[in-house]
Amino acid sequence: MLKKIVFAGFIASASLASVPLFAQTNAPAVREAHAEHEVIALADTYANAIVERDVATLDRLLAADFVDVSPDGTVSTRAQFIDEYTNPPATAPTFESAVFDASDAQVRAYGDTALMTGRSTWRGHAGGQAFTGVLVSTMVAVHRDGQWQIASSHSSSVPPAQGASSPAE
């Protein structure tokens, strides 16, 4: 009888000991899945803030050391990027919509840093002409002070034959 109790105690101890090990083994995968959802939502909020010229949201979303590379190759610091939406030049395009294709997005999380690539479709007006354009973008997000922020973004225009069109469809 004592052997059965000792054996049952051993099994119970082994089972309980494996729970934290199992939880630790899956913790990175759980964090990565959670990061994927949050970073895709961040990209969508970012696109909407650009469309709406919502400077307060951009201020909250962009890391202090944010750098943007636009489709034309212009490199902007955080201050320069926000200023483009605070005081847009007369020639700046106006956006009517930006649709981020979450199903096409790929997020890879590396601890408190995530790299996202994805495609978005932008509609608006520039130079008096309506346009539709498709961008493929890479965004680096960092998790600081309990929230994800954008540290860097880089976008390239997709040629019309590959999914972009101009003028507006």
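## Basis of the description

In this predicted model, local features need pLDDT of at least 70 and side-chain atom pairs count only at pLDDT 80 or more, while totals for chains, interfaces and linings use all residues. Residues are numbered from 1 along each chain as its sequence is written, and side-chain values use heavy atoms, with hydrogens and water left out.

Helices (H or I, at least four residues) and strands (E, at least two) are DSSP runs, numbered from the N terminus. Two strands pair if DSSP finds at least two bridges between them.

Ala 109 has Ala 114 of E5 as its bridge partner. E4 and E5 form a hairpin with 2 residues between the strands, and Gly 111 in the turn has a positive phi of about 70°.

E5 and E6 are antiparallel as well, with 14 bridges. Here Gly 118 stands opposite Ser 137 in E6. The hairpin of E5 and E6 has 2 residues between the strands, and Gly 127 takes a positive phi near 60°.

## Strand E7 and its two partners

Strand E6 (residues 129-144) is joined to E7 by 10 bridges, and the two run antiparallel. In the hairpin of E6 and E7, 2 residues lie between the strands, and Asp 145 takes a positive phi near 50°.

Strand E7 (residues 147-157) also pairs with strand E1 (residues 62-69), in the parallel sense over 4 bridges. Ile 150 of E7 is the bridge partner of Leu 62. Ile 150 is also the bridge partner of Ala 141.

In a regular strand the side chains alternate between the two faces of the sheet.

## The buried side of helix H3

Helix H3 spans residues 78-86, and Arg 78, Phe 81, Ile 82 and Tyr 85 in it are buried. Buried means under 20% relative accessible area, exposed means over 50%, and partly exposed is in between (1.4 Å probe, protein chains only). The four residues cover an arc of only 95° around the axis, so they are on the same side of H3. The arc is that of the directions from the helix axis to the C-beta atoms. An α-helix has 3.6 residues a turn, so residues three or four places apart point the same way.

## Aromatic pairs

The structure holds 5 aromatic pairs. Rings of Phe, Tyr and Trp (its six-membered ring) pair if their centres lie within 6.5 Å; planes under 30 degrees apart count as stacked, over 60 as edge-to-face and the rest as tilted. The pair of Tyr 46 and Phe 81 is stacked because the ring centres are 6.1 Å apart and the planes are at 25°. Tyr 46 lies in helix H1 (residues 2-52) and Phe 81 in helix H3, so this pair ties together parts that are 35 residues apart in sequence. Tyr 46 counts as buried at 10% relative accessibility, and Phe 81 is buried with a relative accessible area of 4%.

Phe 81 also forms a tilted pair with Tyr 85, at 5.2 Å centre to centre and 55° between the planes. Both residues lie in H3, 4 residues apart, about one turn of the helix. Ring pairs link Tyr 46, Phe 66, Phe 81 and Tyr 85 into a cluster.
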